[in-house]
Amino acid sequence: MNSFSSKNRATIIKQLSAVNYDLLVIGGGITGAGIALDAASRGLKVALLDMQDFAAGTSSRSTKLIHGGLRYLKQLEFALVAEVGRERKIIHRNAPHLTKPEAMLLPIMKKGSFGKFTTKLAMIVYERLAGVKKEERHQVLSAKETSLKEPLLPKENLLGGILFYEYRTDDARLTIEILKEAVIKGTTAVNYIKVTGFTYENDIVNGVQAEDQLNGAAFHIKAAYVINAGGPWVDELDGLDNTKNAGKLQITKGVHIVVDQKKLPVKQSLYFDTYDGRMMFIIPREGKTYIGTTDTFYDGDKPHPKITAGDREYILKCVNDYFQAQKLKPGDIESGWAGLRPLIRKPGKKPSEISRKDETFVWESGLITIAGGKLTGYRKMAERVMNKVAEKMLRDLGRKIPVSTTSGIKISGGKMYKSVSFREFVKNKIKEGFTVGFTGEEAEKIVSRYGSNVDAVYNIARKLNMEEPENALPLALRVQLIYTIENEMCVSPADFFTRRTGMLYFEIKVVKSMKEALSAYMRKLLLWDENTSAVFEKQLAEAILEVE
Ligand code: FAD
C-alpha cells in the first residue's frame, strides 16, 4: 500500500488508532515535517497530523527564500545568522530541485539606510558567519554597473549596489518533500485531522483525541510523546493541555503581492530599503514578479488571513517610490498571499524587531512545544527538539536512540544521479519530456517541481498517452494531479492548485480556466459524492477569493 496516497486515506487513518506510536507530531508545516523526518530516521514510530492540508499554515505563505538572514545582522543576532547560513548549504545539498541560487541586488541610494562601506563590511561579517562559498560571495558594484544589472532603477541618487546570493524555494513543496521522505522512513502522516484534546495517564500526556475534518469521525491516538508544532496555533494547542501554558506567541502578518512581470519587468531579484526603514524583496519567477513583505501585529482569523487594501497600498507605495518610471497600480495585482509569523512574544518591540529564534518548552504534562523559527532553520530546529525527546526517553524509559543524521539525508526529489550536475539532470529530463508529449516549459516546470521523482511523473504520462489520449484537462495537469494524489496525499483541487503546484499564486488565470475540468477529473478519480464535490468546490472558491 502507498502510505501517502489520498486513495488510501481511510486505511491509513484506521492504522492511527491501532498503533502505539513513540511520537505524535501535531502540525504538518515545515517544523512538524522536519521533526517527523528526524524522529523517523532515528528509528522512532511516528505519526503526524494536520487539521488542514500540509503546509496550509505559514509554510506555504513565506517569501519562499532559503536565506542566510542578512537582515538579522542589523539586530546583532550573530548566532542565528551563522546557523541559518550553515543550514542553507545543507538544504541546497539535500534538496537541489527546491533551492535555486538567486542573485539579489541591494541598491545603495543617496539618503538610503545603507552606505557602501558599512554594507560591504556587514557582507564580509555575514559571509564569514554564514560560511558562504567563494563563488557565491558578494560583489560591490558602481552606480553604472548597478544600472546595467537593473536598468529600471532610477539613475539619480543611485550610488552603487551590492550583489549577493540567496536560494529561492517553494516552501510548500519543500515541506511536502520532507514529509514524503519521513513517510518513506515509516511515518504515518495524515492531513485534515484536527487534534481536539490530550489524553493522560497519571497526569502525563499519553496521546490525543482527534477528529477527521472531512467526515467528523472522532478517534483516539496513543503516543509515548507528543510534540506541538502548531505554528500560529501553538498557544491554542497548549491551551488544551492540563498545564494551560498558552500565551507565548506574538503573531505578525506578512503580505506578498504578485504582478505580471511585464508590469514590473525587473531583470533580477532586488532587496531594497523602504521609505519607512524596512526591507522588501522583489522576486521574478515564472513570468510573474512577487513583492513583499509587510510586517504588522495580527489577531484575526488564522486559517484565512486576508490581504487588506491597506497592505496593497503600502507595498505599492514602497515599490513606486523606487520605480517611479514604472508605477504599479492596484489593478496590476493578479494574486498574492498573507502569512502569519508565529514569533515568541517580546513586549515593547516593533513587529520587525522581534527575534525569529525558535524556542522549545517541555511542560509538566510531558507535552513538548516548539515555537518561532524560520523555514531555513527547520532541520536544526528538528534536531534540537528531538535531542530533548531523546533525553526524556533515556530518563523515562531507559531507551537510547541514535543522534540525528538528517544533515546527510537527501529528501524526496533530491536524489539525482551522482554523476551529473543538477543543471545537466534538468537539461536531460527536459529533452525526455518532449518525447513524452510535454512542451519545454511544461517539462521544465515538472522537473523543477518533482526533481528526481520526475520519472514517476513521466511514467504516468506514458500510460495516459496510451489509455486516454484526449481529455479536457491538459496532459501536464492530469499527470501532476495523479502523481500528487497517489504520492503526496493531495485531497482536493485547492490542495493541488495551492500547495502541490503554487499555481494559485503564479498562474491564477490558468487556475480559473481549468478549475472545473480539474475538479471533474478529480471527482472521477476519487469517486466523490455530490456533498464532497460541493465542499471542495467551496474550498477552492474561498482559496481564490483569499489571494485576489
Ligand atoms: P505552520 O506552517 O503554520 O504549520 C503549523 C501547522 O499546524 C498548520 O499547518 C496547522 O494547520 C497545524 N495545526 C494547528 N493546530 C492544529 C491542530 N489542533 N491539529 C492538527 N494540526 C494543527 N522563513 C524563511 O526561512 N525564509 C523566508 O523567506 C521566510 N519568509 C517569511 C515570510 C512571511 C510573510 C512569513 C509569515 C514567514 C516567513 N518565514 C520565512 C518564516 C517561515 O515561513 C515560518 O517560520 C514557518 O513556515 C513556520 O512553520 P511551522 O511549521 O512552525 O508553522
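Predicted model: local features only at pLDDT ≥ 70, side-chain atom pairs only at ≥ 80, totals over all residues.

**Exercise 1. The shell around the ligand**

Task: State how many residues surround the ligand and how they divide into nonpolar, polar and charged.

Solution. Step 1: The ligand is surrounded by 37 residues, and the closest are Thr31, Asp50, Ser59, Leu65 and Thr376. Step 2: By class, the shell holds 13 nonpolar, 18 polar and six charged residues. Step 3: At least two shell residues come from each of α2 (30–41), β8 (193–201), β11 (249–260) and β16.

**Exercise 2. The aromatic pairs of Trp337**

Task: Classify the pairs that Trp337 forms with Tyr505 and with Phe506 as stacked, tilted or edge-to-face.

Solution. Step 1: The model contains 17 aromatic pairs. Step 2: In the pair of Trp337 and Tyr505 the ring centres are 4.8 Å apart and the planes stand at 45°, so this pair is tilted. Step 3: Because Trp337 belongs to strand β16 (residues 333–344) and Tyr505 to helix α15 (residues 503–506), the pair ties together parts 168 residues apart in sequence. Step 4: For Trp337 and Phe506 the centres are 5.9 Å apart and the planes at 70°; an angle over 60 degrees counts as edge-to-face, so this pair is edge-to-face. Step 5: Phe506 is in helix α15 and Trp337 in strand β16, so here the parts tied together are 169 residues apart in sequence.

**Exercise 3. Burial and surroundings of the rings**

Task: Decide whether Trp337 is buried or exposed, and name the aromatic cluster that contains Trp337.

Solution. Step 1: The cut-off for buried is a relative accessible area under 20%. Step 2: Trp337, at 2% relative accessibility, is therefore buried. Step 3: Tyr505 is buried at 5%, and Phe506 is buried at 3%. Step 4: The cluster consists of Tyr290, Trp337, Tyr505 and Phe506. Step 5: Lys64 places its charged end over the ring of Trp337, 4.5 Å from the ring centre. Elsewhere, the charged end of Lys317 sits over the ring of Tyr275, 4.4 Å from its centre.

Methods: Residues numbered from 1 in each chain as written. Heavy atoms only, no water. Phe/Tyr/Trp six-rings, centres within 6.5 Å; stacked < 30°, edge-to-face > 60°. Helix = DSSP H or I, 4+ residues; strand = E, 2+ residues; numbered from the N terminus. Buried < 20%, exposed > 50% of the residue type's maximum accessible area, 1.4 Å probe, protein only. Lys NZ or Arg CZ within 6 Å of the ring centre and 35° of its normal. Near = heavy atom within 4 Å. Nonpolar A, V, L, I, M, F, W, Y, C, P; charged D, E, K, R; others polar.
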